[in-house]
Amino acid sequence: MPILTLKFKNKAIKEYRLEHGSNMTIGRRSTNDIVIENLAVSGLHAKVDSMDGGFLLTDLQSKNGTFVNEKLVTSHWLKEGETVMIGKHTVTFSYAKDELRPQEADDNATDATMVMDTTSYRDMVAKSSPEQAAPAPKTPSQVSQAPQPQPQPPSQGGNAIGVLTYLAGGTGDIELTNKIVKLGKNKANDIVISGFMVGQTAAAISNRPNGYHIGYVGGMAKPKVNGETVKESVLLKEFDVIEIGSTKFQFMYQA
Amino acid sequence: MAIIESAGITDVGRKRKVNEDSLFLDDKMGLYIVADGMGGHRGGEFASKIVVDTIPEYMSQKNDSIPNSEALHNYPESISEESKKLLEAITCANEKVYRNSKEKQELSGMGSTVSAICFTDDTFIAGNVGDSHIYLVHDSGIELLSVIHNVITEQTAIDPERAKRLGKRFKHMLTRAVGVEASVNADISESQFFKNDQLILCSDGLSDKVSSEEILDVAMRESPGKACQTLVNMANDRGGDDNVTVIVLKIISVETAKSGVVSKLLQFFKYIGFLPKKILN
């Protein structure tokens, strides 16, 4: 089984044997398997898991980060002889002689799909941005003094809300918050449009990841977008004019 | 109503020993599902299987036999009843996977993506969690209908330049999955369908290897059955690093009551829910 050697200023302090099929935690608190008593080290700083024949190092959202080969890492498959830097301490990973080591192919294990803890991933992405990760090595205090601006989460579906403004046949604005908005003569529609030629449901507007699409459903009066008859469906662009019978709307995105 | 021709294939690929993908297709129900499982040991396989078993089971229940629980019915008013039902089915699958992963240690940490298409009389609903793609082929164009829940895609939406510099591993890092947390948030859309429209559902084993333009090209040239095989072969010929699953479905005709006052009236009454469906069918 591999050995983790805890060092301070190149002097070995203690050796830990890492069993296959188990894990080890590293941190300041005495409940950790590897305890590092230093204020630069988080209470629960990092862990090493035995997985699929290899050993995976994971930073547990530590305040000052975990570095391998002078690079900030969040998760990393440990290889023979690699040194993990935590605060001013280092932990060296080495296999015992004649020990079975994971094959090169096992490095692909990081290709396996994983799910991020949604609350922590933005933080992790921020930490891995090149501005932070590239200049190495850093002292722990520098890292903690450079908080990254938190990116805003993308809105649901990534789309702004579309609005229809009446140009004729009505007044006011209609927000397209429904996933599908049906337009027609029937009272059951989301938007009721009168007119002899207008179908019970004449058209439908659906909100899809790439934008709003309007499609023809039924009736004699086919919808027109910017004067062109919609045979099936088209993607709406901002300021498009929609015409159904004698009713007219302009499509816009909410400011 | 849409008359559909469909086909689906799941293949282990060239590198993996286990196929953790699952699929479900049923033209009668108008329901199509691809699920890509993940998580150690045999958990991924199990998770994706739960997803493709639970959703059809839930969707085939009569609405009045569904218990009126808060957890299942807590959705915004902005979606149709059928969309709600699909979200409920995904919620149900999420609970099942989550419960199993908590109860059985060997399944701990398992999860799955889900991409599902469900047809109503005049629309189809696309719902998804994770990174399995749903494409719509309409009028010689291809459009992504699913919202990809991985770190790269979400970061690209915020800052494309910085996202480019993120490592490759972020591509396979999902921000949402079925069964990983106690609740799940699926993305959903509802659209009309037209004759000759095609929908393609696939796991990342295909979308990582074959571009959307290439998928469009194959879908335009070949029947669903043949297109599935061609696409799987393409992914495998390019390394087959992951399990490959694909469903291709094509709307071969759309049945509408076009003429006659009576059928129009019936359609109208059916629309407003005046007549029971029995009389109409």
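Biologist: What does chain B average in pLDDT?
Modeller: This is a predicted model, and chain B averages a pLDDT of 87. Of its residues, 84% score at least 70.

Biologist: And what ipTM and pTM does the predictor give the complex?
Modeller: The ipTM is 0.80 and the pTM is 0.69.

Biologist: Staying with chain B, how many helices and strands?
Modeller: Chain B has nine helices and twelve strands.

Biologist: How much of chain B counts as buried?
Modeller: The figure is 49% of the 281 residues.

Biologist: What share of the contacts in chain B comes from residues 24 or more positions apart?
Modeller: Taking contacts with a separation of 6 or more, 70% are between residues 24 or more positions apart.

Biologist: Which residues touch the most other members of the largest nonpolar core?
Modeller: That core has 76 residues, and those touching the most other members are Ile33(B), Val51(B), Ile90(B), Ala93(B), Ile200(B), Leu231(B) and Val246(B).

Biologist: Which helix gives the most to this core?
Modeller: Helix 2 of chain B, residues 81-103, with eight residues. In soluble globular proteins, nonpolar side chains tend to be buried together.

Biologist: Take Ala93(B). What is it in contact with, leaving aside neighbours within four places in sequence?
Modeller: Ala93(B) is in contact with Ile50(B), Val51(B), Thr54(B), Ile55(B), Val114(B) and Val178(B).

Biologist: Over to chain A. In what order do the six strands of the open sheet come?
Modeller: The order is 2-1-11-10-7-8, with antiparallel pairing.

Biologist: Which are the edge strands?
Modeller: Strand 2 (11-17) and strand 8 (71-73) of chain A, each of which pairs on one side only.

Biologist: How are neighbouring strands turned against each other?
Modeller: By 30° on average, with direction ignored.

Biologist: How many bridges join strand 7 to strand 8 in chain A?
Modeller: Three bridges join them, strand 7 being residues 66-68, and the two run antiparallel.

Biologist: What stands opposite Phe67(A)?
Modeller: Leu72(A), in strand 8 of chain A.

Biologist: New topic, Lys224(A). Where is its place?
Modeller: Lys224(A) is in strand 19 of chain A, residues 224-225.

Biologist: Why is Lys224(A) classed as partly exposed?
Modeller: Because Lys224(A) has 17 other C-beta atoms within 10 Å. A residue is buried at 20 or more and exposed at 12 or fewer, so a count in between is partly exposed.

Biologist: What does Lys224(A) touch, not counting residues up to four places away in sequence?
Modeller: Thr229(A), Val230(A) and Glu243(A).

Biologist: And what separates the C-alpha atoms of Lys224(A) and Ile214(A)?
Modeller: They are separated by 9.6 Å, the two residues being ten residues apart along the chain.

Note on methods: Residues are numbered from 1 along each chain as its sequence is written. Chains are lettered from A and ligands numbered from 1 in the order in which they are written. This is a predicted model: local features need pLDDT of at least 70, side-chain atom pairs count only at pLDDT 80 or more; totals for chains, interfaces and linings use all residues. Two strands pair if DSSP finds at least two bridges between them. Helices (H or I, at least four residues) and strands (E, at least two) are DSSP runs, numbered from the N terminus. Axes are lines fitted to C-alpha atoms, for helices over the stretch in contact, and angles run from 0 to 180 degrees between N-to-C directions. Two residues are in contact if their C-beta atoms, placed from the backbone, lie within 7 Å. A nonpolar core is a set of buried Ala, Val, Leu, Ile, Met, Phe, Trp, Tyr and Cys residues joined through C-beta atoms within 7 Å. pLDDT is the predictor's confidence in each residue, from 0 to 100.
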